[in-house]
Amino acid sequence: MTLSLALDIGGTKIAAGLVDPDGALVHRSQLPTPDGDAEAVWAVVEKLLAETMQVAGGAATGAGVASAGPIDLPNGTVSPINITEWRGFPIVERVAAVTRLPVRLGGDGLCMALGEQWCGAGRGVQFLLGMVVSTGVGGGLVLDGAPYDGRTGNAGHVGHVVVAPDGGDPCTCGGRGCVETIASGPSMVRWARRYGWDGTDAKALGDAAAQGDELALEAFQRSARALAAMIASVGAVCDLDLVVIGGGVAKSGALLFDPLRAALADYAGLDFLRGLRVVPAELGGDAGLVGAAALVRG
């Protein structure tokens with residue numbers, strides 16, 4: 001049996017795995033992303049790759065890499081915002097040197113979308129937006145059944161669609177009024193605390209909303225409206241069939257999805273948008289690895 005080696009690089013964890021031709025994750029290992037210089041982070045990646053190659057026993061035929069961005073697809077480099085020591089890091093060259101395999105790079109949002117389209121909530125869907133709503137808002141596009149990278153590999157950064165152009169909050173990207181400034185977990189918490197809620201984090205906010213706290217409920221409703229406005233815009237541009245949402249905030253279930261779907265019905269007025277469905281992701285933390293493998297499957 002042939003296998004695809006998959007690597008998923010993020011600011012808090014780095015995971016490696018082996019995926020079979022049916023999309024099943026047959027091996028997975030993970031380590032925390034270390035603080036320190038670029039080579040300290042690479043040492044963790046190298047350790048995981050060596051272990052995974054040993055498990056594969058020569059059956060791996062390609063390596064897919066999902067990485068936090070921005071990425072530079074033409075040059076095979078990554079500069080993750082949340083791994084500050086990696087700027088223009090030559091990840092494709094380094095992984096190829098260790099594995100002796102052909103390597104394909106993709107953004108983490110794209111790989112999440114690909115994983116869900118292959119084996120998750122979007123099985124077989126041809127026009128799909130995959131999203132992660134957590135500490136940030138990320139995304140990736142599958143168009144006509146294929147991953148859409150864009151010119152540099154950064155297509156699908158839907159968290160930076162502007163939904164509050166007049167007086168919106170500053171965003172970490174350098175812009176203002178991005179959906180991430182309203183809909184991410186930390187943004188929801190900041191807004192609620194600004195108006196008197198005394199909790200500490202997004203999980204506590206979700207618990208408070210589930211118990212009927214009005215400020216917490218309004219924070220989820222604001223998030224849902226911002227996401228719906230963005231989804232309607234991206235759906236109109238890309239003529240989507242489906243939106244799959246994962247991440248910590250999405251785990252709140254009906255607290256997010258019910259107002260999101262209601263708001264989307266208001267924003268998505270065009271006939272071809274009225275059938276656009278929004279569903280929870282199914283693969284959880286494995287979506288990036290499965291999607292990275294999808295980059296190199298035959």
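Predicted model: local features only at pLDDT ≥ 70, side-chain atom pairs only at ≥ 80, totals over all residues.
**Entry 1**

In one of them, the rings of W42 and F89 have their centres 6.0 Å apart and their planes at 40°, so I noted the pair as tilted. This pair links distant parts of the chain, since W42 sits in helix α1 (residues 38-56) whereas F89 belongs to the loop between β6 (77-78) and α2 (91-99), 47 residues apart.

Is F89 buried or exposed? F89 counts as buried, at 5% relative accessibility. I next looked up W86 and F89, which form a stacked aromatic pair, 4.0 Å centre to centre with 5° between the planes. W86 is buried as well, with a relative accessible area of 0%. Taken together, ring pairs link W42, W86 and F89 into a cluster.

**Entry 1: arginines over rings**

Which residue lies over the face of W42? I found R94 there, at 5.4 Å from the ring centre. I also noted R297, which lies over the face of W118 at 4.2 Å from the ring centre.

**Entry 2: helix α2**

**Entry 3: the five-stranded sheet**

I traced the strand order next, and found an open sheet of five strands, ordered β3-β2-β1-β4-β7, with mixed pairing. Its edge strands are β3 and β7, each of which pairs on one side only. On average, and with direction ignored, neighbouring strands of this sheet are turned by 15° against each other.

I went through the pairings one at a time. Strand β1 (residues 3-9) and β2 run antiparallel and are joined by six bridges, and I noted V19 of β2 as the bridge partner of S4. These two strands, β1 and β2, form a hairpin with three residues between them. On the other pairing that I looked up for β2, seven bridges connect β2 with strand β3 (residues 25-32) in the antiparallel sense, and A15 stands opposite Q30 in β3. The hairpin of β2 and β3 has five residues between the strands, and within this hairpin G23 takes a positive phi near 90°.

Is strand β2 (residues 13-19) mostly covered or mostly open? I found β2 mostly covered, with six of its seven residues buried.

For the pairing of β4 with β7, I recorded the parallel sense and five bridges. The bridge partner of S67 in β7 is G107.

**Entry 4: strand β8 and its neighbours**

I then moved to strand β8 (residues 128-133), which is mostly covered, five of its six residues being buried. Strand β8 is joined by six bridges to strand β9 (residues 137-143), and these two run antiparallel. Which residue in β9 is the bridge partner of M131? I found G139 in that place, and I noted that a hairpin joins β8 to β9 through three residues.

Strand β8 also pairs with strand β11 (residues 242-246), in this case parallel and through five bridges. In that pairing I found V132 standing opposite G246 in β11.

Note on methods
Residues numbered from 1 in each chain as written. Heavy atoms only, no water. Buried < 20%, exposed > 50% of the residue type's maximum accessible area, 1.4 Å probe, protein only. Helix = DSSP H or I, 4+ residues; strand = E, 2+ residues; numbered from the N terminus. Pairing = 2+ DSSP bridges. Phe/Tyr/Trp six-rings, centres within 6.5 Å; stacked < 30°, edge-to-face > 60°. Lys NZ or Arg CZ within 6 Å of the ring centre and 35° of its normal. Axes fitted to C-alpha atoms, helices over the stretch in contact; angles between N-to-C directions.
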